[in-house]
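Here are a few friendly notes to read alongside the structure. Take them one at a time, and keep the 3D view open as you go.

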Amino acid sequence: MKVFKISQAELDNMVALWSQSRKVYRPAVGRQQQAQPDYGPGWRKAEGASPLTVPIGPAAGSVKTFLFPQPETMMTYSLKTGDPDRGLMKEPAKLTESQVVVGLRPCDARSVLLNNLPFREDPFYQANLERTVFVGFTCDESLSTCFCEQMGGSPLDSDGLDIAFSRAENGYLAEILTPKGEELMAGLNLAPAANSDITALADRRKERPGKDTAILNTMQGKDLNKLYEAPLWQPLGDSCINCGACTFICPTCYCFDIQDEVVKGSGRRIRYWDSCMFPLYSLHTTGHNPRGRKLQRTRNRFMHKLKYFPERFGPFSCVGCGRCVQDCPVNIDIREVMADLLTVE
Amino acid sequence: MPTINEKISEEIRAQAKKLLAEGTVAAVIGYASGSLPMTVKPLVVRRPEDCGKLLWNTFCVLNLANFLPEVLKSVEPPRGPRDPKPEGPLPKVAIMATGCWSRNIVVQIQEHQVERERVVVMGVGSRGMVSRRKVEALFAGREILAVEELDHDLIVRGSGFEEKINRWSVVRDNCQTCTHPDPLLVDVRIGEPVSDRKNPNPFKQVDELEAKSAAERWGWFTSEFATCIRCYACRNACPLCYCPTCFVDDAKPQWVGKSLDATDTGLFHVMRAYHCAGRCTDCGACESVCPMGINMRLLTKKLNKDVLNLYGIEAGMQPDSPLPLTTYKINDPQKFIVTEAGAGKEGE
Amino acid sequence: MTSKTNETSQTNWEPKIIAFLCNWCSYAGADLAGVSRFQYPPNIRIVRVPCSGRVSENMILSALKSGADGILVSGCHPGDCHYISGNYFARRRFALLGNLLDFIGIEPGRVNFSWVSAAEGEQFAEVVRTVTEKVKELGPATRLVKKIEAMQAA
């Protein structure tokens, strides 16, 4: 692994250089920028002209939008009269154009790995993963709503990133972690980091080891049926309004639905974000809905993240970014739900 | 000395406990404290001993009437979808209500979603609710860790700072322009009544936009809704939105596409607002719950303005008269009809 | 001439206008215009509805979304509704919808409302002429129109 020492000016030059040959995105900062998104809500094109600032805590938009776009075109077709290919489903050309996402935090980087578990054989997710380079920043400061360490992550972690920037004296240490990262840095004339800087970072990581699996282990030991029938769901079901805010801002919610859209004879089959909070999500063709009540839907989201997903794949399906904690209209706090679940006997 | 809202909270707890203990109501809909500064949790209390959790403060932005039909249903004895309604009166539910929320309950009664005799309204005069976003905007880049509420000020604390700000300056736009802060329906009065406010022009924001050109308004519309993530929090926080199947979920015909497309998002917001025409009380819940901070309330405010100007009706103010779109007058204005002499924009 | 040049070249462009006509008056009015051989522009595509009260905002917006350059909704004159009061209710709804669409910046003249009776063949032709002229002046619709091709690249 190569480690470079990089100043803020060098970082901005690098972003400028990258943006000449690829699309580079960074988090939108402030309301005005968020109102003019370039890629999904919350992301802006980075040109390197202005200094790159990464807000404390997770970016406004989660990184899943690059790998699991809203919407993803799966098929296209024509319904025009006289078109020889009328009614033929065609796969759209796979996007191969490289894109760089700059400024994600370790929580979002980890979500890329977690979503890769259910999507490991998904051609669309894999194609997007292939063409995206993640340049992240480890966290020196965190928000009061951050809880990545409880969920098995760490603020200084670099898992899931191609290049990880960490604060050092007068600039950053850039760790080049993958071949994709090396390719991006190729041809740049940069100073290798001093050993003292590298050890300082390693020491900081030792001080905050994170990656706590104690909660995960306790949760794994709980009986699913007891958790399912715990009284704690009643007040949550009462207060939840069943909007999809938590699922859409969540970096690890990956449920989708598929629909066809036709305008003036050209059609496409798209996959778009769905939410287990919506009654339609679980509605059967017969009219029966196994999760017909609010309580059942609210319960499903937390049980999926904290119990079903770990049983199937190992880790929690939550990275502790705290976006849902900040933005839930009725202040349902996953940290409180988790604490309550851990007390269920 | 306790603040006004602390006194109100105390009264709410006492009254709720009394109503539950006497068996007058089966549940009380109110608020409990939240896990973050400036947040509260809606809470349904079903046992007198849980009433201690209830509170009232200046951050109660979500409209509790939204929960009323569902809670009413939850306290009924369980029965199948085809079983007849049980004989005798059904259990009652008590609910906290300010001016706009009580008007929403009136609309719910007019639309037969709620039966008046099953609701006990605990009326609270509203002093205006604070917009969390406005406070956060004042402290951009600094995380707020605690906010203490005084009668006329807020004390905002974070790591390394403590500032006092005027409460009214960060009250939500809809509360600042509100003219009927006191509840219309009151079964149990909490605190002191608040008198109607005089507001020379409650539709100032709408007027400002109307004065612009069509191109400028289109520019405003497209940029305002560009950040929408289609989470439907605005729809689900609204006490008027109770359709079992929303028009966005119709697949055949598909009125609105469901992914992030500027046209689909715009259409969703126009239709959502339009469905609230003549029913919206400008409670501001939609705007308060939006995770992206979109000011979609301006659309319903525009409709409220037209309904008032053209038909002289404010939603929920007249429990005994029909809703504006379920009635008509023979001589309703119709300048918008192209064949009319002097045809043009309606209401000008 | 292919439909593509039809849409793109401004000089040859002819608007498509969707007309929702009530079965009892305006549709019959259009019929009368036809049998009486009153000339009117061939730009309208008629959708027959039982009553102007049947026309919901979903239909109007859906037509705009699908690329209609103009909309005309026409029903019986107030007082003449076959269902007694359908158009009175419609009138309130259309007034509010028209104003809301104007508010968000849809050009005035894109969405039009009229009353035409079964006996008013000439008036129907006149309404279509007025509406077509207005829409022609505005040019092809772009606002609230869904474009699929443009989306695929995103």
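1. Let's begin with chain A. Domain 1 of chain A and domain 2 of chain A bury about 3,000 Å² between them, and carbon and sulfur atoms account for 61% of that area. Please keep in mind that this is a predicted model. On the side of domain 1 of chain A, the residues that lose the most area to domain 2 of chain A are Tyr77(A), Phe147(A) and Met151(A), which together make up 22% of what that side buries.

2. In chain A, domain 1 covers 2-60 + 71-209, while domain 2 covers 217-342. Their C-alpha centres are 26 Å apart. The contact draws on 35 residues from domain 1 of chain A and 33 residues from domain 2 of chain A.

3. Next, look at the charged and polar pairs. Between domain 1 of chain A and domain 2 of chain A there are 2 salt bridges. One of the salt bridges in the model joins Arg323(A) to Asp108(A), with 2.9 Å between the closest N and O atoms. The two domains of chain A also share 14 residue pairs in polar contact, both residues being at pLDDT 80 or more.

4. Which element gives the largest share of the side of domain 1 of chain A that touches domain 2 of chain A? That is S4(A), with 7 residues. By class, this side has 21 nonpolar, 8 polar and 6 charged residues.

5. Now turn to chain B. Here the assignment gives domain 1 as 4-128 + 181-190 and domain 2 as 204-326. The centres of these two domains of chain B, taken over C-alpha atoms, are separated by 26 Å. In the contact, 16 residues of domain 1 of chain B meet 21 residues of domain 2 of chain B.

6. How much area is buried between domain 1 of chain B and domain 2 of chain B? The value is about 1,600 Å², with 57% coming from carbon and sulfur atoms. In domain 1 of chain B, Arg103(B), Gln110(B) and Glu111(B) lose the most area to domain 2 of chain B, together 33% of what that side buries.

7. Across the interface of the two domains of chain B, the count is 1 salt bridge and 8 residue pairs in polar contact. The side of domain 1 of chain B that touches domain 2 of chain B is made up of 8 nonpolar, 6 polar and 2 charged residues.

Terms used: Residues numbered from 1 in each chain as written. Chains lettered and ligands numbered in written order. Predicted model: local features only at pLDDT ≥ 70, side-chain atom pairs only at ≥ 80, totals over all residues. Heavy atoms only, no water. Domains from an automatic or database assignment. Contact = heavy atoms within 4.5 Å. Buried area = accessible area lost by both parts, 1.4 Å probe. Salt bridge = Lys/Arg side-chain N within 4 Å of Asp/Glu carboxyl O. Polar contact = N/O pair within 3.5 Å; in protein donor to acceptor, adjacent residues only side chain to side chain. Nonpolar A, V, L, I, M, F, W, Y, C, P; charged D, E, K, R; others polar. Helix = DSSP H or I, 4+ residues; strand = E, 2+ residues; numbered from the N terminus.
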